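Subject: Structure handover

Hello,

Here is the structure I said I would pass on. Please open it and keep it in view while you read the notes below.

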Amino acid sequence: MFWQGRDCGYKLGAKAEQSHRKSMVMENNLYLSVLLLLVWLASLSLFLVLYKHRSPFMAANLPPGATGYPWIGESLEFLSSGWKGEPEKFIFDRMMKYSSNVFKTSILGEPAVVLCGASSNKFLFSNENKLVAAWWPKSVNKVFPTTLQTNSKLESKKMRQLLPQFLKPEALQRYVPIMDSLANSHFASLWDNNSQLYVYPLAKRYTFSLACRLFMSLEDANQVARFENPFHLLASGIISLPIDLPGTAFNKAIKAANSIRKDLLEIIRQRKLDLAQGKASPTQDILSHMLLTSDHDGLFMTELDIADKILGLLIGGHDTASAACTFIVKYLAELPHIYHQVYQEQMEIAKSKLQGELLNWDDINRMKYSWNVACEVMRIAPPLQGGFREAINDFIFNGFSIPKGWKLYWSANSTHKNPEYFPEPEKFDPSRFEGEGPAPYTFVPFGGGPRMCPGKEYARLEILVFMHNLVKRYKWEKLIPDEKIIVDPLPIPANNLPIRLHPHKP
Ligand code: HEM
């Protein structure tokens with residue numbers, strides 16, 4: 001079948017090579033398993049020796065919960081509930097067993113508490129830099145070494161100072177026609193000539209090309225494609241067990257980040273030359289802005305620092321939005337009455353435009369129903385499952401002690417899939433977002449408080465431009481009706497969402 005034959009293009013006569021490769025893979029797997037076992041046994045012995053004296057879990061009055069196995073804690077349960085496509089299970093099982101607001105666990109090598117529900121979200125988001133601060137898992141810090149040299153809090157602040165110039169309303173308004181023009185050529189070149197296609201890689205190509213164009217003025221399709229390939233390795237290894245051994249997801253992510261960073265450094269050096277020779281403009285994109293902006297002490301960012309910042313933006317700014325676009329395609333295929341209303345709204349806008357006239361800011365603001373649909377998609381399949389913080393002081397939450405240094409995790413699913421806030425949470429219902437919409441701190445796909453996603457508006461634009469161009473051109477049907485969803489760490493359809501397109505008659 002179409003989606004099964006995708007990677008099966010091997011030649012006759014390649015059998016010997018294949019069996020050699022098979023035995024190499026088996027050897028590698030054996031080697032990896034033995035190493036993992038040794039690492040685990042060593043950690044276990046160390047843990048047993050130190051446990052009585054050093055365990056952070058011995059502190060008094062901690063929230064209820066389990067701490068799992070030595071060192072790996074409950075990481076496997078946490079990650080595997082996502083791999084099985086039910087990331088909320090890890091959260092809801094423990095909310096039922098221990099407490100609906102907070103429970104302790106140990107994930108990704110750290111003692112942690114998970115805060116659940118709207119009041120916990122409010123507490124966490126309102127205490128940024130008072131009781132809690134930005135924190136990234138060790139795996140993220142190792143993939144981004146510049147973060148390690150300073151600290152996550154400082155890096156997050158730096159990024160926040162840089163972004164407003166680039167994401168302010170005047171700038172965003174300028175991006176709408178650029179996004180529409182790129183979406184037009186994206187659909188014309190990659191969708192129009194195919195009756196069957198995989199949605200997920202194409203949605204990624206769309207958001208990635210946009211990010212390359214708007215963040216660094218990169219337009220060459222070949223360069224964009226070369227760049228894009230290592231990104232999926234990076235995205236799936238960035239939140240993983242930080243085991244840097246050949247073959248692990250984490251090891252692949254580090255290698256992928258190094259390869260992308262090398263390409264980015266070349267682009268940065270070229271831009272420096274172009275700026276010096278007047279061939280590039282100081283305001284043309286975020287890359288120029290980063291190169292020409294100094295901090296309060298007059299210091300400029302190093303090339304490596306800029307490369308890591310752009311890398312972070314490319315990850316944060318394309319994978320999330322492409323997951324949202326992919327799930328929009330999925331739900332519109334499954335729910336023809338919702339598709340019909342989106343189509344009506346978008347065609348009204350399309351008909352009000354002159355031939356070849358691109359979308360503008362006012363058009364975007366008329367896409368109210370479509371945005372409610374996108375929000376409902378992000379409620380059911382939040383692109384980011386949650387976020388981490390670190391306790392910067394000892395404090396009491398709901399009568400429990402949270403010790404300084406412990407990690408905190410907020411979970412979008414703890415409210416998005418909770419019938420207390422969203423009755424019949426499994427039902428797709430965009431009318432939840434009409435009028436005043438969901439109660440505060442319950443719908444949190446972009447987080448909340450001072451660290452709420454700074455790219456929220458940018459994401460709204462690119463998602464709506466995508467929806468406009470998509471429904472204007474086609475109807476479609478899914479080729480695998482009950483395709484599995486995997487969350488690793490973003491939600492993706494297990495087979496990349498193959499669909500059959502039905503272009504509208506002219
Ligand atoms: C549908 C698309 C998107 C979703 C669902 C999303 C979601 C989020 C969430 C939940 C956070 C907060 C994490 C936390 O509380 O720890 C966040 C942070 C962030 N996002 Fe987004 N995001 C999206 C698109 C974007 C885009 C397009 C950009 C860039 C243009 C971007 C840049 C960032 C940055 C830089 C941060 C870190 C902020 C900080 O550390 O203070 N995001 N995003």
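Tyr441 is found in the loop between α18 and α19. This is a predicted model, and in it Tyr441 has a positive phi of about 65 degrees, although Tyr441 is not a glycine. Is Tyr441 buried or exposed? Tyr441 has 21 C-beta neighbours inside 10 Å, so it counts as buried; the cut-off is 20 or more.

Glu424 is also placed in the loop between α18 and α19. Its phi is positive too, about 45 degrees, and Glu424 is not a glycine either. Glu424 counts as exposed because it has 8 C-beta neighbours inside 10 Å.

Cys453 lies in that loop between α18 (413-416) and α19 as well. Cys453 counts as partly exposed, with 19 C-beta neighbours inside 10 Å. Leaving out residues up to four places away in sequence, Cys453 touches Phe446 and Gly447. An unreviewed UniProt entry places the feature "binding site" at Cys453.

Next, the ligand. How many residues surround the ligand? There are 22, and the closest are Gly317, Gly387, Gly447, Cys453 and Gly455. The shell around the ligand divides into 13 nonpolar, seven polar and two charged residues. Helices α7 (152-167), α14 (303-334) and α19 (456-473) each supply at least two residues of this shell. α14 gives the most, with six residues.

Helix α19 has 18 residues, and its first and last C-alpha atoms are 26 Å apart, close to the 26 Å expected at 1.5 Å a residue. It is mostly covered, since 13 of its 18 residues are buried.

Helix α9 (residues 199-216) can be checked in the same way. At 1.5 Å a residue, its 18 residues should span 26 Å, and its end C-alpha atoms are 25 Å apart, which agrees. α9 is mostly covered, with 15 of its 18 residues buried. After α9 comes Ser217, whose phi is positive, near 55 degrees.

Now the core. The largest nonpolar core has 120 residues, and those that touch the most other members are Phe215, Ile310, Ala324, Ile328 and Leu408. The largest share of this core comes from α14, which gives 15 residues. In soluble globular proteins, nonpolar side chains tend to be buried together. Ile310 touches Phe215, Met216, Leu264 and Leu287, not counting residues up to four places away in sequence.

Phe123 is found in helix α4 (residues 118-126). With 22 other C-beta atoms within 10 Å, Phe123 is buried. Its contacts, not counting residues up to four places away in sequence, are Leu115 and Phe397. Phe123 and Tyr441 are 318 residues apart in sequence, but their C-alpha atoms are 9.7 Å apart in space.

For the chain as a whole, the secondary structure comes to 19 helices and 12 strands. Buried residues make up 39% of the 506 residues. Of the contacts with a separation of 6 or more, 72% are between residues 24 or more positions apart.

One last item is a peptide bond. Which form does the bond from Asp488 to Pro489 take? It is cis, with omega near -10 degrees. Pro489 is in the loop between β10 (485-487) and β11 (491-493).

Regards

Technical notes:
Residues are numbered from 1 along each chain as its sequence is written. This is a predicted model: local features need pLDDT of at least 70, side-chain atom pairs count only at pLDDT 80 or more; totals for chains, interfaces and linings use all residues. A residue is near a molecule or strand if its C-beta atom, placed from the backbone, lies within 6 Å of it. Helices (H or I, at least four residues) and strands (E, at least two) are DSSP runs, numbered from the N terminus. Ala, Val, Leu, Ile, Met, Phe, Trp, Tyr, Cys and Pro count as nonpolar, Asp, Glu, Lys and Arg as charged, and the others, Gly among them, as polar. A residue is buried if 20 or more other C-beta atoms lie within 10 Å of its own, exposed if 12 or fewer, and partly exposed in between; C-beta atoms are placed from the backbone. Two residues are in contact if their C-beta atoms, placed from the backbone, lie within 7 Å. UniProt positions are given in the numbering used here, feature names are shortened, and annotations may be inferred rather than shown by experiment. A nonpolar core is a set of buried Ala, Val, Leu, Ile, Met, Phe, Trp, Tyr and Cys residues joined through C-beta atoms within 7 Å. The expected span of a helix is 1.5 Å times one less than its number of residues.
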